[in-house]
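Dear colleague,

I am handing over the structure that you will be working with from here on. Please look through it first, and then read the notes placed below it.

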Amino acid sequence: MTHSTDDIEFLVYNDSTNFAHMRENHANVKAFPSVPPLDIQLAHGPLWYSSPGNHSLDPKDGILLPHSDMLDELPERLDWFEVPLATNLYAGSVPSLIHINGDKSLLNDWWPSMWYHPYSRALVRRYIRSTQTRQAAQAAAAGGQTWWDMRGGRGGVWTDNGIWMSWGEVCKKTEDEVFQDGKGKWGREEGSRKVVNYFGTVMIDDEDDGDD
């Protein structure tokens, strides 16, 4: 995207004010896109795949992040016309992936504009608490085309040494930069507590020195 960043705008397709502003800034675009590409129009809504998350408070269920009405809330209905989509105004296309070359300041400028950004904390929390059954079934159905890690783990990474690291460990103290929602430290939004994952590792600890 080194030479095409000026061609990209985040369009909210059902927002007439947003459209008027963009048209004014790009008066030289002859065929200004008025609707998202057809494949996006025909796709499920932005949040259709987000798990409601396990609401259990029983530690036997391995729930690391108890359900919270404040932190897990997502819109009941949301379609692609209502969210900002990075659109190449000249091609009329919406890229599924954006790789920034050249001016790296765009990483900070564009991150808050991503359609999922307002819901990112809730999406991560729900994903961590969600079941793997659906994804595992789809991976099995795909056969050799899909690799599935039978070790499990949600919302984190496995290291080369076979050690599981949760989102809270990998991205510790980056909440302000990642979520930008003012809701506080990951796992401590509604007060401190001690949480141990099902691999036996302490994820959140009230006595964690230097974390305040």
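The notes below go through the salt bridges, the paired strands, the nonpolar cores and the aromatic rings.

Please keep in mind that this is a predicted model, in which local features need pLDDT of at least 70 and side-chain atom pairs count only at pLDDT 80 or more, while totals for chains, interfaces and linings use all residues. Residues are numbered from 1 along each chain as its sequence is written, and side-chain values use heavy atoms, with hydrogens and water left out.

Salt bridges

Side chains of opposite charge can pair when their charged atoms come close. Taking a salt bridge as a side-chain nitrogen of Lys or Arg within 4 Å of a carboxyl oxygen of Asp or Glu, a search of the whole structure gives three of them. One joins the side chains of D72 and R125, with 2.8 Å from N to O. Since D72 belongs to the loop between α2 (38–42) and β2 (85–88) and R125 to helix α4 (residues 120–129), this pair ties together parts that are 53 residues apart in sequence; helices (H or I, at least four residues) and strands (E, at least two) are DSSP runs, numbered from the N terminus. D72 and R125 are both buried, where buried stands for under 20% relative accessible area, exposed for over 50%, and partly exposed for what lies in between (1.4 Å probe, protein chains only).

R121, which is also found in helix α4, forms a salt bridge with D181, and the closest N and O atoms of that pair are 2.8 Å apart. The two residues link distant parts of the chain, 60 residues apart, with D181 in the loop between α7 (175–178) and β5 (195–196). R121 counts as buried at 3% relative accessibility, whereas D181 is partly exposed, its relative accessible area being 30%.

R121 also forms a salt bridge with E189, where the closest N and O atoms are 2.6 Å apart. R121 lies in helix α4 and E189 in the loop between α7 and β5, so this pair ties together parts that are 68 residues apart in sequence. E189 counts as buried, at 14% relative accessibility, and R121, D181 and E189 are linked in a network of salt bridges.

What else does the side chain of R121 reach? It comes to the backbone oxygen of G184 at 3.1 Å, which is a polar contact (a pair of N or O atoms within 3.5 Å; within protein, one must be able to donate a hydrogen and the other to accept it, and residues adjacent in sequence count only if both atoms are side-chain atoms). With contact taken as heavy atoms within 4.5 Å, and leaving aside neighbours within four places in sequence, the residues in contact with R121 include L71, E175, F179 and W186.

Strands and cores

Strands β1 and β2 run antiparallel and are joined by four bridges, two strands being paired if DSSP finds at least two bridges between them. From strand β1 (residues 8–11), I8 and F10 point one way and E9 and L11 the other way, all of them buried. From β2, L85 and T87 point one way and A86 and N88 the other way, and these are likewise all buried. Across the pair, L11 stands opposite L85, and F10 has A86 as its bridge partner.

A nonpolar core is a set of buried Ala, Val, Leu, Ile, Met, Phe, Trp, Tyr and Cys residues joined through side-chain atoms within 4.5 Å. The largest one has 18 residues, of which L11, F32 and L85 touch the most other members. Not counting residues up to four places away in sequence, F32 touches L11, F19, M22, R23, H26 and L89. There is a second, separate core of seven residues, and I8, F10, W110 and M114 are among them.

Aromatic rings

Rings of Phe, Tyr and Trp (its six-membered ring) pair if their centres lie within 6.5 Å, with planes under 30 degrees apart counted as stacked, over 60 as edge-to-face and the rest as tilted; by this rule there are ten aromatic pairs. One of them is the edge-to-face pair of W115 and Y116, at 5.5 Å centre to centre and 85 degrees between the planes. Y116 is partly exposed, with 28% relative accessible area, and ring pairs link W80, W111, W115 and Y116 into a cluster.

With best wishes
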